[in-house]
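Here are my notes for a colleague opening this model for the first time. Please keep the sequence and the 3D view side by side while reading.

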Amino acid sequence: AMEAGQHFRSLGYHKPERESESEWMMDLINKDFGDKETIERIVTSWEDSEYKKMLDEELTMLGIPKEVSSEPRYVADPHKQYYPVNFFQQTWTLMNRGFLNMVRNPAVLWLRFGMYLMLALMIGTIWLRLGSSSKVIQDINGALFYIVAFFIFMSISVLPAYLEERSVLAKERANGAYSILAYITAHTMYEIPYVAVLALMSSLIVYWLIGLTSGADRFFIFLANLFMSLLVAESIMVMISALVPILIVGIAFGAFIFGAFMCVMGFFITLDQVGWWWRWMQYIALHYYSFSTFMYNQYHDTYWDPYVSPSGFPNYPNGVYGSEVLANYSLVEDIWINFLAMVVMFVVYRGIAAIYLHFRLTGKK
């Protein structure tokens, strides 16, 4: 760089004190931001310069041809974007960078871990060891609602980090560094382990502190459902960060979506009581499928003991079968349908983000 800079200095250009040699030369010859006459002068004067003669002599000594054939090896499609490396190298590099950024940025990783840890402990110690009598059925339903509603809602906290990544994406995309598909794929790959750890930590705390229906199979269904719920919620935030690159607007948009989904999840009002003009929303509501799985996992094939209050009120003299509890809610009682619906949402939300970014951030041709 120092030797190349001599050619620029011989033409009367001088490097600022606090700027590197390479950046100074790039600024002078950048056709997007530099002066056209300056670029033309630098290029045309090269042919007759002493530095070109010195370079030619060195190339001759090394046996390297001084002139490059003007015949192209192939004709590039002017409408196609070409990248320096292939898709797999792009994805691998972006994935490694994403992992490092996640670990080093306290707002991305450690703050969210702390938030979920505190919320899990709070839920577990408020609904602590509720028992198995029919008296606590409504309390357990409230706990499951809270888990769905607020663990998902807290995904909004990741939006500032996503918008920061989007600003970097816009600059690197403008330079043709990598494709949107590589970016979305890498983003998904390094996000999945992080969400899995969040779900595992939260499940281990709330499931056993509350005393939900025992059984290894039920616990792992609970864990898988929470994992998918958080992953879809993160996908919604990926979509919002792509569509709305303004933090306050994105937060409002995310809060509206999650709030609307809560209304049709089947906890506050049974869905058969909701008007047709809103009832359709249940089919696109993440909360509806997540809450359905939690409820079915908690109550199917269970029996809840009678409870006789010493004071006579409230009194639950008869036991309750779990199927009776489920019959009071308009829920999907097939967990595989619920999981399939969430997988589709995961793909669709990230697909929307990818398509929008592909056409919005077109890159440098």
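1. Terms and ground rules. Contact means heavy atoms within 4.5 Å. Helices (H or I, at least four residues) and strands (E, at least two) are DSSP runs, numbered from the N terminus. This is a predicted model, in which local features need pLDDT of at least 70 and side-chain atom pairs count only at pLDDT 80 or more, while totals for chains, interfaces and linings use all residues. Residues are numbered from 1 along each chain as its sequence is written, and side-chain values use heavy atoms, with hydrogens and water left out.

2. Helix 4. Start with helix 4, residues 50-62. Its 13 residues reach 19 Å from first C-alpha to last. That is close to the 18 Å expected at 1.5 Å a residue (the expected span is 1.5 Å times one less than the number of residues). Lys52, Asp56 and Leu59 of helix 4 are buried (buried means under 20% relative accessible area, exposed over 50%, partly exposed in between, with a 1.4 Å probe and protein chains only). Seen down the axis, these buried residues fall within an arc of 65°, so they line one face of helix 4 (the arc is that of the directions from the helix axis to the C-beta atoms). They pack against helix 3 (36-46). The face turned away carries the exposed residues Glu50, Glu57, Met61 and Leu62.

3. Helix 2. Which residues of helix 2 are buried? In this helix (residues 21-29), they are Glu21, Trp24, Met25 and Leu28. Their arc around the axis is only 95°, which puts them on the same side of helix 2.

4. Helix 5. Helix 5 spans residues 87-104. At 1.5 Å a residue, its 18 residues should span 26 Å, and its end C-alpha atoms are 26 Å apart, which agrees. Buried here are Gln90, Thr91, Leu94, Met95, Gly98 and Met102. These fall within an arc of 125° seen down the axis, so they line one face of helix 5. The buried residues pack against helix 9. On the face turned away from them sit the exposed residues Trp92, Thr93 and Arg104.

5. Helix 9 with helix 15. Two packed helices are described by the angle between their axes and the distance between the axes. How do helix 9 and helix 15 pack, and at what angle? Helix 9 (residues 180-210) and helix 15 (residues 335-360) pack at about 145°, with their axes 9 Å apart (axes are lines fitted to C-alpha atoms, for helices over the stretch in contact, and angles run from 0 to 180 degrees between N-to-C directions). Helix 9 contributes Ile180, Tyr183, Ile184, His187, Thr188 and Glu191 to the contact. Helix 15 contributes Phe346, Arg350, Ala354, Leu357 and His358. The contact residues divide into six nonpolar, three polar and two charged (Ala, Val, Leu, Ile, Met, Phe, Trp, Tyr, Cys and Pro count as nonpolar, Asp, Glu, Lys and Arg as charged, and the others, Gly among them, as polar).

6. Met154 is buried, at 17% relative accessible area. Not counting residues up to four places away in sequence, Met154 touches Arg112, Met115, Tyr116 and Leu119. Met154 and Tyr116 are 38 residues apart in sequence and 8.2 Å apart in space, C-alpha to C-alpha. Val158 is buried too, with a relative accessible area of 3%. Leaving aside neighbours within four places in sequence, Val158 is in contact with Arg112, Glu234 and Met237. Val158 and Ile251 are 93 residues apart in sequence, yet 9.9 Å apart in space, C-alpha to C-alpha.

7. Two positive phi angles. Arg129 is not a glycine, but has a positive phi of about 45°. Arg129 sits in the loop between helix 6 (110-126) and helix 7 (137-153). At 56% relative accessibility, it counts as exposed. Asp301 also has a positive phi, near 60°. Its place is the loop between helix 13 and strand 1 (303-304). Asp301 counts as exposed, at 72% relative accessibility.

8. Gln298. Is Gln298 buried or exposed? Gln298 is buried, with a relative accessible area of 2%. It belongs to helix 13 (residues 286-299). Not counting residues up to four places away in sequence, Gln298 touches Ile140, Leu144, Leu212, Thr213, Arg218 and Trp304.
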